[in-house]
Amino acid sequence: MKLLVISPHLDDAALSCAWLLQHHPWSRVVSVFAGMPPNALTVSTDWDRNCGFASAGAAIEARRYEDGCACQKLDADPIWLDFADGQYGRQPRQAALEEQFESILEKADGAVVVIPLGLHHPDHIAVSDAALVALQRQQRTCIAYHETPYRALPGVVEKRITCLTAAGFSLQALSELSGSIAWKNGVVETYASQWPRLQIDALLDARDVLRPERFSTVATPRQYRRDRPTAVMRSFRRPYLVSSQPQLDKNHRLLRQSGEGSYERETYEDWNS
Ligand SMILES: [Zn+2]
């Protein structure tokens, strides 16, 4: 079974889902904020400078290369969307993210969709919210990964689950997943421009990245009130559970869902059209 893993930045899927992807070769990893900001050759942020880059353009080029190498180790196809990282100043319109995800889901109906739970970072919350709206419109369930290392911050997982549950989503924890620490460490180190910086971040516990991966299934509410798109996280009423909710077997492999199909490889351009 193939997965379609949505990754806010060029590293989140590998940090949080490497062992999951290891079990599901030839999956896809869609990195959302992988685009160049306007004036990419002149714009520069503290984070990028601290990672050794003179411009946003150089940073993104290097990160795409690193992501390509990591995806090779994960046996996954990388897809890079053109949205610019929040650090460059302008968040995309939420509706634009939702439209992009709806288009992606339409092209990947045979894959199990894996999204970030939406922890701590504004880019992560924006991606998670938009993906949930798109999934809800198509009446699909998904698996959410608890993003590491943010999940180690006190209270952030509980806060997000409370928010989603209040909005009518039904979450169910799956068993933890782990594997070879050395192998995952090798994947994570592929992100050579960012991983060393992450390890000295005063707020985050980078060691959490090598702890077992955590997931929940998320069933979307039945009713979407189109008149209040910005209040989507509050506007759902009755939760419901669908019968095709993805589940893991005792070997942590995803059990096959009914109606599963296969898909052809597509190009980067197909996914950005
Ligand atoms: Zn991220």
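Two residues are taken to be in contact if their C-beta atoms, placed from the backbone, lie within 7 Å. By that criterion, Ala14, Leu15, Ala18 and Trp19 in helix H1 meet Lys184, Val187 and Val188 in helix H7. The structure is a predicted model, in which local features need pLDDT of at least 70 and side-chain atom pairs count only at pLDDT 80 or more, while totals for chains, interfaces and linings use all residues. Residues are numbered from 1 along each chain as its sequence is written.

The chain has 10 helices and seven strands; these are DSSP runs numbered from the N terminus, with helices (H or I) of at least four residues and strands (E) of at least two. Of the 273 residues in the chain, 41% are buried. A residue is called buried if 20 or more other C-beta atoms lie within 10 Å of its own, exposed if 12 or fewer do, and partly exposed in between. Among contacts between residues at least 6 apart in sequence, 75% join residues at least 24 apart.

Two packed helices are described by the angle between their axes and the distance between the axes. The axes of H1 and H7 come within 10 Å and cross at roughly 145°; axes are lines fitted to C-alpha atoms, for helices over the stretch in contact, and angles run from 0 to 180 degrees between N-to-C directions.

Within H7, which spans residues 181-188, Lys184, Val187 and Val188 are buried. These residues lie on the same side of H7, because they cover an arc of only 95° around the axis, the arc being that of the directions from the helix axis to the C-beta atoms. The buried residues of H7 pack against H1 (12-22), and also against helix H3 (56-73) and helix H8 (195-199).

The crossing of H4 and H5 is right-handed. On the H4 side the contact includes Leu97, Phe101 and Leu105, and on the H5 side the residues include Ala130, Val133 and Ala134. In total, the residues of the contact of H4 with H5 divide into 10 nonpolar, one polar and four charged.

Arg28 lies in strand E2 and is buried, with 25 other C-beta atoms within 10 Å. Leaving aside residues up to four places away in sequence, Arg28 touches Leu4, Val5, Ala76, Asp77, Ile79 and Ala111. Arg28 and Ile79 are 51 residues apart in sequence and 7.1 Å apart in space, C-alpha to C-alpha. Phe169, in the loop between helix H6 and strand E6 (170-173), has 22 C-beta neighbours inside 10 Å and counts as buried. Phe169 and Val218 are 49 residues apart in sequence, with 6.5 Å between their C-alpha atoms.

Trp26, in the loop between H1 and strand E2 (28-31), has a positive phi of about 65° although it is not a glycine. Trp26 counts as partly exposed, with 14 C-beta neighbours inside 10 Å. His120 also has a positive phi, near 65°, in a residue other than glycine. His120 is placed in the loop between strand E4 (112-116) and H5, and its 19 C-beta neighbours inside 10 Å make it partly exposed. A cis peptide bond, with omega about 5°, joins Thr148 and Pro149; Pro149 is found in the loop between strand E5 (142-145) and helix H6 (156-166). Gly52, in the loop between helix H2 (46-50) and H3, is partly exposed, with 13 other C-beta atoms within 10 Å. The C-alpha atoms of Gly52 and Gln194 are separated by 9.5 Å, although these residues are 142 apart along the chain.

Methods: A crossing is left-handed if the near helix is turned anticlockwise from the far one by less than a right angle, and right-handed if clockwise. Ala, Val, Leu, Ile, Met, Phe, Trp, Tyr, Cys and Pro count as nonpolar, Asp, Glu, Lys and Arg as charged, and the others, Gly among them, as polar.
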